[in-house]
Amino acid sequence: MAALYVVPTPLGNLADLTRRAEAVLRAVPWVAAEDTRHSAPLLKQLGAVGRTLPAHQHNEHEAAARIVDKLRAGEAVALISDAGTPGISDPGARIVAAVRAAGCKVVPLPGACAATTALSAAGLTDEHFLFYGFLPAKAGQRRQALEGLRDQRAALVFYEAPHRVLDSVGDLAEVLGDRTLVVARELTKLFENIDSLPLTAAVDWFKADANRQRGEFVLIVSGAPETADDGEGERVLKLLLADGLPVKQAAKLAAAITGAAKNALYDRALALKAERD
Ligand code: SAM
């Protein structure tokens, strides 16, 4: 049966298109694109012969119906967005849902995504991350959204537009306080930059050089700091280490006794040992 292929496209560097993505885009009779004009040069360069149909946020329902018709007629369709992975802060989810509901096959291809690309180079040791995408554009709603994330222990991953980055970073600092911010700018492009800085210093950092506000951004903020409960985990961990238990065993026992996260305790035990040695 013909399938809908969900195909990531490069964030900026054309070499990031996978060989499989290239093969699919060349082979399918239909390419559903977020912006057909934007994707035309890429498809032309690949020598893709399929026809394009628009599939953007304002026509997703109609696009889904058209795509289901094509699939039922035995014609494969590739779904692409302007850059990165469809459905990740981009249209695509409704189309995928409709295709699956119609009993047709959806084949996802792995590939470029700004969030995972930024995370891979962020160097934050948080055990988990939460992908948030775009914060609300209006200041009040943005702050409210951030209040809801304040106690989140996972690192927070945001997408942001250049004209809003300063306001958003200001609100992040005000609501979340003293954390680490990683700014991943222009990933895979000529002026790619990845910087780690204290969140509380970030507004001044952005203002210090206008270039820092240009381009495309992923902002990653380290998770909420330890709470009193984690303090109990650390207290028990220290007792066990002082009693001579090996790091791994001490972390495991302290986690079992206090309910604190084992991996975090293990990292902490390693740090305590390094301080001591
Ligand atoms: N679907 C895409 C993905 O898989 O990452 C995201 C699309 S979303 C409409 C666009 C946002 O992704 C930008 O505003 C920016 O936050 C982020 N982004 C896209 N390309 C980027 C790049 N080269 N460097 C940094 N961030 C990027």
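Author: In this predicted model, the protein chain is split into domain 1 (3–112), domain 2 (115–221) and domain 3 (232–276). Between domain 2 and domain 3, the C-alpha centres are 31 Å apart.

Take the parallel sheet. Five strands make up this open sheet, and their order is S3-S2-S4-S1-S5. The pairing is parallel. Strand S3 (51–54) and strand S5 (105–108) are the edge strands, and each of them pairs on one side only. From one strand to the next, the twist averages 25°.

Now look inside that sheet. Strand S2 (residues 30–33) and strand S4 (residues 77–80) run parallel and are joined by four bridges. Ala 33 has Ile 80 in S4 as its bridge partner. Helix H2 (residues 36–46) packs on this sheet and touches S2, S3 and S4. The direction of H2 makes about 155° with that of S3. H3 packs on the sheet too, touching strand S1 (3–6), S2, S3 and S4. For H3, the angle with the direction of S3 is about 145°.

H3 also has a helix partner. Helix H3 (residues 60–72) packs with helix H4 (residues 93–101). Their axes are 9 Å apart, at an angle of about 40°. The two helices, H3 and H4, are therefore oblique to each other. Their crossing is right-handed. From H3, the contact takes in Glu 60, His 61, Ala 63, Ala 64, Ile 67, Val 68 and Leu 71. From H4, Ala 93, Arg 94, Ile 95, Ala 98 and Val 99 meet them. By class, the contact of H3 with H4 counts nine nonpolar residues, one polar and two charged.

Next comes the mixed sheet. Five strands form this open sheet as well, in the order S6-S7-S10-S8-S9. Its pairing is mixed. Strand S6 (129–134) and strand S9 (193–198) stand at its edges. Each has a single partner strand, so one side of S6 and one side of S9 are left without a neighbour in the sheet. Here the twist averages 20° from one strand to the next.

One pair gives the detail. S6 pairs with strand S7 (residues 155–160) over five bridges, in the parallel sense. Opposite Phe 134 stands Tyr 159 in S7. Helix H7 (residues 165–176) packs on the sheet. H7 touches S7, strand S8 (180–185) and strand S10 (217–221). The direction of H7 makes about 5° with that of S10.

H7 has a helix partner too. The axes of helix H6 (residues 139–149) and H7 cross at roughly 40° and come within 10 Å. That makes H6 oblique to H7. The crossing of H6 and H7 is right-handed. On the H6 side, the contact involves Ala 139, Arg 142, Arg 143, Leu 146, Glu 147 and Leu 149. On the H7 side stand Asp 167, Ser 168, Asp 171, Leu 172, Glu 174, Val 175 and Leu 176. By class, the contact of H6 with H7 has six nonpolar residues, one polar and six charged.

Conventions: Residues numbered from 1 in each chain as written. Predicted model: local features only at pLDDT ≥ 70, side-chain atom pairs only at ≥ 80, totals over all residues. Heavy atoms only, no water. Pairing = 2+ DSSP bridges. Axes fitted to C-alpha atoms, helices over the stretch in contact; angles between N-to-C directions. Contact = heavy atoms within 4.5 Å. Domains from an automatic or database assignment. Parallel < 35°, antiparallel > 145°, perpendicular 65-115°, else oblique. Left-handed = near helix turned anticlockwise from the far one by under 90°. Nonpolar A, V, L, I, M, F, W, Y, C, P; charged D, E, K, R; others polar.
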